[in-house]
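Below is what I looked up, in the order I got to it.

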Amino acid sequence: MPRSKAEVVEIKDLAKEIETVKDVHLVHIHDCIHRVEDELKENKKHFNTRIDKLDNRIFWVLGLTVTTLAGVIANMVV
């Protein structure tokens, strides 16, 4: 079935729009995704160092508490 001239023009316009989306918009989205990935990696490093510091503080407090408790029990026994 032969297509009308308007259908052919519409198909060509759609093909141009598809190419524009592929060439411009998808490239932009791809760049944005990579930028977000990089920012997430930086945030992960930052929070890992913060968590490590907090972890060390918790162990120090736990160690001091156990030492104090052992000292109190030793004084009660003696």
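**Nonpolar patch.** I started with a nonpolar patch on the surface, formed by V21, L26, I29 and I33, with about 330 Å² of accessible area together. For patches I take residues with over 30% relative accessible area and no salt bridge, joining nonpolar side chains (Val, Leu, Ile, Met, Phe, Trp, Tyr) within 5 Å and like charges within 9 Å. Accessible areas are Shrake-Rupley values with a 1.4 Å probe, and for residues only the protein chains shown count as cover.

Ground rules for myself: this is a predicted model, where local features need pLDDT of at least 70 and side-chain atom pairs count only at pLDDT 80 or more, while totals for chains, interfaces and linings use all residues. Residues are numbered from 1 along each chain as its sequence is written, and side-chain values use heavy atoms, with hydrogens and water left out.

I looked up L26 and found it in helix α1, residues 5–77. Helices here are DSSP runs (H or I, at least four residues), as are strands (E, at least two), numbered from the N terminus. L26 counts as partly exposed because its relative accessibility is 45%. My cut-offs are under 20% relative accessible area for buried, over 50% for exposed and partly exposed in between, with a 1.4 Å probe and protein chains only. I33 also sits in helix α1, and I log I33 as partly exposed because its relative accessibility is 46%.

**Salt bridge.** How many salt bridges does a search of the whole structure find? I get one. In that salt bridge the side chains of K22 and E19 meet at 3.3 Å, N to O; the criterion is a side-chain nitrogen of Lys or Arg within 4 Å of a carboxyl oxygen of Asp or Glu. K22 and E19 are about one helical turn apart, because they are three residues apart in helix α1. I have K22 as partly exposed at a relative accessible area of 42%, and E19 as partly exposed at 39% relative accessibility.

**Charges.** I counted 12 positive and 13 negative side chains in the chain, and the centres of the two sets lie 3 Å apart. I place each charge at NZ of Lys, CZ of Arg, CG of Asp or CD of Glu. Which residues gather in a patch of negative charge on the surface? They are E7, E10, D13 and E17, and I checked that E10 lies in helix α1.

**Whole chain.** I find one helix and zero strands. The C-alpha box, along the principal axes, is roughly 105 × 25 × 10 Å. Buried residues come to 0% of the 78. The accessible surface is about 7700 Å², with 66% of that belonging to carbon and sulfur atoms.

I put L26 and R50, 24 residues apart along the chain, at 36 Å between C-alpha atoms. I51, in helix α1, is 28 residues from D23 in sequence and 42 Å away in space, C-alpha to C-alpha. I51 is exposed, at a relative accessible area of 51%. V72 and D55 are 17 residues apart, with 26 Å between their C-alpha atoms.

Definitions and conventions:
Lys and Arg count as positive and Asp and Glu as negative; His and the chain ends are not counted.
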